[in-house]
Amino acid sequence: MTTARQQVLVLYLASSALDAKVVGWSSYDGTGETTPTTGDSDLPPYETGLDALKDGWRLFQASQLLPPQPGNEYDVSFLKHEFFFEKLA
């Protein structure tokens, strides 16, 4: 019996909309067939989160939308619009 392994794709989008442009990404391969690492490519794996859905990735988590604290509207810290996708292989 073959056990399904999870592949995870994390996309950071320009806004909370799934059709927004990908501005950052990372991927993890539970099959062991690939060993992706930071800086593998200058080009994102997809232009948008919607493109990942169309290619068979399943969305399983989206980051919570939180308004900035008063006075911190222009602070730079983490990428806010994080989406986790999976494929079973």
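Leu53 is found in helix H1, residues 49-54 (helices being DSSP runs of H or I with at least four residues, and strands runs of E with at least two, numbered from the N terminus). The model is predicted: local features need pLDDT of at least 70 and side-chain atom pairs pLDDT 80 or more, while totals for chains, interfaces and linings use all residues. Residues are numbered from 1 along each chain as its sequence is written, and side-chain values use heavy atoms, without hydrogens and water.

Leu53 counts as partly exposed because its relative accessibility is 31% (buried is under 20%, exposed over 50%, and partly exposed in between, with a 1.4 Å probe and protein chains only). Together with Leu50 and Leu59, Leu53 makes a nonpolar surface patch of about 200 Å² (patch residues have over 30% relative accessible area and no salt bridge; nonpolar side chains are joined within 5 Å, like charges within 9 Å). A salt bridge places a side-chain nitrogen of Lys or Arg within 4 Å of a carboxyl oxygen of Asp or Glu. Areas follow the Shrake-Rupley method with a 1.4 Å probe.

## Largest pocket

The largest pocket holds about 500 Å³ of space (a pocket is an open set of points on a 1 Å grid where a 1.4 Å probe fits, with protein on both sides within 12 Å along at least five of seven lines; lining residues have an atom within 4 Å of a point). Its lining has 19 residues, of which Leu66, Ser77, Phe78, Leu79 and Lys80 are the closest to the centre. This lining comprises 10 nonpolar, 6 polar and 3 charged residues.

## Second largest pocket

The second largest pocket has a volume of about 420 Å³. Trp25, Ser26, Ser27, Pro36 and Asp40 are the closest to its centre among 19 lining residues. Strands S1 (6-13) and S2 (22-29) each give two or more residues to this lining, and S2 gives the most, with 5 residues.

Terms used:
Points joined across faces, edges and corners; volume = space filled by probe spheres on them. Nonpolar A, V, L, I, M, F, W, Y, C, P; charged D, E, K, R; others polar.
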